[in-house]
Amino acid sequence: MIRWLFSLMLLAATPAFAQIPQVAQRGEVRQLIVDGKPFLILGGELGNSSSSNRAYMARHWAKLRAMRLNTVLAPVSWELIEPVEGQFDFSSVNWLIEDARASDMRLVILWFGTWKNSMSSYVPAWVKRDTKRFPRTTDAEGRSQEILSALSPAVRDADARAFAALMAHLRKVDGERHTVIMVQVENEIGFLPTAREHGAVADAAYAKAGGDEERFTALSYARFVEVVAGAGKRAYPLPMFVNGAQGRPGKKPGEYPSGGPLAHLMAEWRKGAPSIDFIAPDIYFPNFAGIVAGYVTPQNPLFVPEANNAGDPRAAANAMLVIGKHGGMGFSPFSIENISDAGAERLGGLYALLESMAPVILTAQSEGRIAGFAPPVTFDGVVDEAPQSVTIGGYRLTVSFVDPWTAKDKQQPSEHGGMVIWLGGEEFLVAGRGVTLTVEPADGKGRAGLDAVDEGRFEGGKWIAGRRLNGDETHQGRHVRLPPGQFGVQKVRLYRY
């Protein structure tokens, strides 16, 4: 606690323009700090090619803002910024920053350098064509692949020089404005279709190292990324992370991107790439809850840069889980500019709620006064609708995902989720949709009742009360209910009898 208070004092004493975004310990969790304040990313990631053209993006900014995004995750590719070796063109970076500022949004830059989705398709032509200087890997049969070797110093150093130039440029054009708040180094690193790369150099290196092939691959990638990230951080030390493409159950390394920043390889990535602030999961499978749980450690804060495709009806439940249960730094669906109208309405409703509550959420995360709930789903799509309980503030709170007043065939419990914030004493906030909350004393003595339940909203960080709910709305004082189909927040005061 003393260390946390001292850190806050240092932040408060430093002019805002000088406070480079950072990932820092704040009480119980590690949070993203922007301009001296904790920041909750309500994000969306652009499609792979969208940010390569300003005119293409021009028609999308208003839509993104209407959905209440505060952050856009946008690719910047090596091929565009260094078309000729040693000659840099940052025009695509400059307009991206300008247009994000004009839309009152932050940016997370995605560096598409040596690898994107395991392949090396975003490297400049002068790298692609010089296979002697920049060697490709081979598969087990000796056939050349469009994958550059992680064991090549020439590839590594060329990438590091380009990335350092990008970071130096960001510092020059954005060092005081902090439109860019984080950077992803490479994209979904991992080797295919075997557990490790082959070739004379790779085979010799593995023969010397021995051991598990995937762990060898992970360390090779991590050490490569450390050189790239380290060069970038020396130029401009923004927070940096890597993202991992997940594997299906029962698949072997190489049947998924082997050696990538996956939960079971966290030790190798932390050892090999200490300049990386955290590793993050990209999640397109139904078993969202199980995947994120593997990425949560005291040293590894949770951020989900690709939370399935934009429009996923389970996004709200998953966001509540990330932010409420795991103290996550933010949430971001993929291909955000292509979201359907119905999906945009859902996501906009979720983000409007989270935006209004962000200061309360971030403080509650740091003080351990928040819980999040969503029904877990298996990889095969089986939903566990069982109620979930948590003890907080002296009460045992139980959340049900099946709405009691809606016909079962008219609701989708997998899309229901919420969070509870203890305000102190006997007061709580309950937010989300499709959840019903019941309470009992944590010590088992007596019973707990609802003294008062108010629906309302936050404006400028202040609570604005609406209707006082009672009678049918609380089942005669038996429960707190947030109906399906709409996002809401209620303030609840409990009592014992």
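In this predicted model, three strands form an open sheet in the order E1-E2-E3, and their pairing is antiparallel. Helix H13, which spans residues 341-367, packs on this sheet, while elsewhere in the chain helix H11 (residues 288-295) packs with helix H12 (residues 315-325).

**The sheet and the helix on it**

- The edges of the sheet are formed by strand E1 (22-26) and strand E3 (37-38), each of which pairs on one side only.
- Strand E1 is joined to strand E2 (residues 29-34) in the antiparallel sense, and the pairing of these two strands runs over five bridges.
- If you look for Val 23 in the structure, you will find that its bridge partner in E2 is Leu 32.
- Helix H13 touches E1, E2 and E3 as it packs on the sheet, and the direction of the helix makes about 145° with that of E2.

**The pair of helices H11 and H12**

- Two packed helices are described by the angle between their axes and by the distance between those axes.
- For H11 and H12 the angle is about 20°, and the axes lie 11 Å apart.
- Angles under 35 degrees count as roughly parallel, and H11 and H12 are therefore roughly parallel to each other.
- The crossing in which H11 passes H12 is right-handed.
- On the H11 side the contact is made by Phe 288, Ala 289 and Val 292, and on the H12 side by Asn 318, Leu 321 and Val 322.
- Sorted by type, the residues of this contact between H11 and H12 comprise five nonpolar and one polar, with no charged residue among them.

Methods: Residues numbered from 1 in each chain as written. Predicted model: local features only at pLDDT ≥ 70, side-chain atom pairs only at ≥ 80, totals over all residues. Heavy atoms only, no water. Axes fitted to C-alpha atoms, helices over the stretch in contact; angles between N-to-C directions. Helix = DSSP H or I, 4+ residues; strand = E, 2+ residues; numbered from the N terminus. Parallel < 35°, antiparallel > 145°, perpendicular 65-115°, else oblique. Left-handed = near helix turned anticlockwise from the far one by under 90°. Contact = heavy atoms within 4.5 Å. Nonpolar A, V, L, I, M, F, W, Y, C, P; charged D, E, K, R; others polar. Pairing = 2+ DSSP bridges.
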